[in-house]
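Please walk me through this model in the viewer, one selection at a time. At each stop, say what to select and what is there.

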Amino acid sequence: MAVAILAAGKGTRLKSQLPKVLHEVGGKALLAHVIAAAAQVVPPEDIYAIVGHQADRVRSAVAATGIRFVLQSEQQGTGHALIVAGDVLGAYDHVIVLSGDAPQITPQTIARLLNFHLDHRAAMTLLSADLEHPEGYGRVLRKNPRGPEVKGIVEEKSASPAQKKIHEINAGFYAFAVPQLLAHIQKLSTANPHGEYYLTDMAALLGKARLRVVACKTENSAQVLGANTRAELAVIDSQMRLRKCQQLMEEGVTIFYPATCVIDSDVQIATDTVIEPYVQVFGGSRIGTGCRIRSYSIIRDADIGDGVLIRPGCILDEARIGPNAVIGPYSHLRPGSQIGEGAHVGNFVETKKLKLGKGSKANHLTYLGDAEVGADVNIGAGTITCNYDGVHKHTTVIEDGVFIGSDSTLVAPVRVRRGAYVAAASCITEDVPEDALALGRARQITKPGWAREKRAKRKST
Ligand code: UD1
Ligand code: CA
């Protein structure tokens with residue numbers, strides 16, 4: 001058994017530089033969704049993506065899945081795509097054909113199509129669905145309304161007014177017996193309004209050769225929607241994200257206002273975590289149990305431990321947050337931020353390549369970049385690690401139990417050793433020894449009575 005995924009088309013209707021099958025829904029390329037479904041039915045080495053338009057770009061985008069590729073260098077239609085794939089398909093008994101632009105297909109539906117095909121000993125089985133708005137799709141012409149047998153498929157552009165009234169559409173997913181497919185596929189012609197080889201014409205061709213062509217109708221019509229336009233992409237994206245929220249809720253996650261949350265398909269969230277309205281969680285993010293993610297936070301490829309509180313308006317990008325940490329409001333955690341267990345990162349704090357130890361706190365208006373901070377450290381408001389000399393980045397090390405007074409600048413490379421104090425408003429350019437106090441600021445001068453004398457002078461003039 002092989003799976004062929006049609007993915008060579010340009011996607012003219014999207015008016016895009018990006019090939020159609022790389023447009024994303026639910027945070028993942030259309031083609032990646034289809035491959036993920038197919039890979040649950042057959043092993044990746046039996047999956048062939050037929051690529052053509054910007055083939056290299058498509059190939060490298062999904063290469064990690066381990067599937068194979070067939071190059072259709074000129075895109076002369078869906079039938080032509082399978083003509084080109086004929087060489088590799090010859091080794092198989094049956095092939096399932098999927099459309100690279102219909103990402104909501106499930107492994108269950110693919111398996112159902114295949115079983116239907118095998119049960120009916122058909123040469124070709126097509127998946128169909130009844131759509132309220134069938135416009136744009138090929139229509140299924142059944143031999144008689146009750147039987148499974150199909151006379152042909154007519155494309156929208158060639159359909160008569162009566163045929164356009166048919167609501168049963170061709171979903172663009174098929175199962176073929178490979179020997180019969182290859183014996184007849186050369187008979188396809190380009191005598192149609194697009195001048196292309198239509199795979200859909202195989203239905204009538206195989207029928208004429210007295211081979212069995214049947215339709216397997218799915219009740220779940222959302223699964224077959226193709227993304228040919230930006231509007232269709234948006235519809236599929238919102239359906240997918242709503243389904244993702246429903247799935248998470250079934251698994252024990254609270255989502256207050258699901259329609260406002262944008263959660264990518266591959267995100268994992270554990271039970272008893274609460275997601276407030278207007279939260280976005282992207283990529284491969286993982287959120288533990290018993291967390292609360294407050295409104296307006298945007299989380300990408302982050303790993304969040306159990307019991308973490310993310311207050312409103314945080315941006316987390318490739319950050320790792322230890323259990324019971326408290327982040328925000330308005331914290332910006334950039335790549336390489338590792339926040340320890342029970343640590344606090346507060347208002348308007350930006351971090352990058354930071355290791356913040358267990359129980360340490362940086363609560364206000366601070367930049368910590370290229371820094372290693374130990375446990376139980378207090379970073380005062382307005383502290384800045386000066387990590388960049390204009391050419392290179394340098395590291396600041398702050399050991400366990402250190403207290404950094406507010407408004408301090410730490411000019412890296414620099415190390416503040418265990419238990420030391422840095423006085424407020426210090427500019428620290430040299431290492432601070434263990435348990436020492438470092439003051440790096442001008443001494444205060446106080447002039448008694450100065451203000452009174454100034455006022456008196458002003459009155460007398
Ligand atoms: C196709 C079907 C239509 C069906 C619909 C379901 C044909 C002729 N029509 O129409 O009956 O209702 O899908 O979504 O098949 N592709 C290639 N090589 C090519 C041309 C296309 O690989 O030379 C790929 C495209 O990248 C796409 C898929 O085939 O992933 C379908 O092509 P598309 O142009 O979107 O066909 P539809 O007009 O949607
Ligand atoms: Ca399509």
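The model is a predicted one.

**Stop 1: the calcium ion**

Select ligand 2, the calcium ion, together with D101 and N228. These two residues are the protein donors, D101 through OD and N228 through OD1, at 2.4 to 2.5 Å from the ion. D101 sits in the loop between strand 6 (94-99) and helix 4 (107-119), and N228 in the loop between strand 11 (213-218) and helix 8 (230-250), so the pair ties together parts that are 127 residues apart in sequence. D101 is buried, at 10% relative accessible area. N228 is buried as well, at 15%.

**Stop 2**

Next, show the side chains of R241 and D264. They meet in a salt bridge, with 2.8 Å from N to O. R241 belongs to helix 8, while D264 lies in the loop between strand 13 and strand 14 (268-269); the two are 23 residues apart and link distant parts of the chain. R241 counts as buried because its relative accessibility is 11%. D264, with 5%, is buried too. The salt bridge count for the model is 18.

**Stop 3: E399 and two arginines**

E399 and R415 form a salt bridge at 2.7 Å, N to O. This pair also links distant parts of the chain: E399 is in the loop between strand 31 (396-398) and strand 32 (403-404), R415 is in strand 34 (residues 414-416), and 16 residues separate them. E399 is buried, at 17% relative accessible area, whereas R415 is partly exposed, at 29%.

E399 also forms a salt bridge with R417, where the closest N and O atoms are 3.8 Å apart. R417 lies in the loop between strand 34 and strand 35 (421-422), so its pairing with E399 ties together parts that are 18 residues apart in sequence. R417 counts as partly exposed, at 34% relative accessibility. For a network elsewhere, select K143, E149 and R212, which are joined by salt bridges that share partners.

**Stop 4: the cysteines**

How many disulfides are there? The count is zero. Select C245 and C261: C245 is in no disulfide, and the nearest cysteine sulfur, that of C261, is 5.6 Å away. The cut-off for a disulfide is two cysteine sulfur atoms within 2.5 Å. C314 is in no disulfide either; its nearest cysteine sulfur belongs to C291, 13 Å away. C245 is buried, at 0% relative accessibility, and C314 is buried at 0% as well.

**Stop 5: T383**

Is T383 buried or exposed? T383 is buried, with a relative accessible area of 0%. It is found in the loop between strand 29 (378-379) and strand 30 (384-386). Beyond its neighbours within four places in sequence, T383 contacts residues including L365, Y367, I404, D407 and L410.

**Stop 6: L71**

Move to L71 in strand 5 (residues 68-71). L71 is partly exposed, at 44%. Leaving out residues up to four places away in sequence, L71 touches V51, G52, A55, R59 and V84. L71 and I50 are 21 residues apart in sequence, with their C-alpha atoms 5.9 Å apart.

**Stop 7: a surface patch**

Finally, show F256, Y257, Y278 and Y296 as a surface. They form a nonpolar patch with about 480 Å² of accessible area together. Y257 lies in the loop between strand 12 (254-255) and strand 13 (262-263), and is partly exposed, at 45%.

Definitions and conventions: Residues are numbered from 1 along each chain as its sequence is written. Chains are lettered from A and ligands numbered from 1 in the order in which they are written. This is a predicted model: local features need pLDDT of at least 70, side-chain atom pairs count only at pLDDT 80 or more; totals for chains, interfaces and linings use all residues. Side-chain values use heavy atoms; hydrogens and water are left out. Buried means under 20% relative accessible area, exposed over 50%, partly exposed in between (1.4 Å probe, protein chains only). Donors are N, O and S atoms within 2.8 Å of the metal (3.2 Å for Na, K and Ca); water is not among the atoms, so sites may look incomplete. Helices (H or I, at least four residues) and strands (E, at least two) are DSSP runs, numbered from the N terminus. Patches are made of residues with over 30% relative accessible area and no salt bridge: like charges are joined within 9 Å, nonpolar side chains (Val, Leu, Ile, Met, Phe, Trp, Tyr) within 5 Å. Accessible areas come from the Shrake-Rupley method with a 1.4 Å probe; for residues, only the protein chains shown count as cover. A salt bridge is a side-chain nitrogen of Lys or Arg within 4 Å of a carboxyl oxygen of Asp or Glu. Contact means heavy atoms within 4.5 Å.
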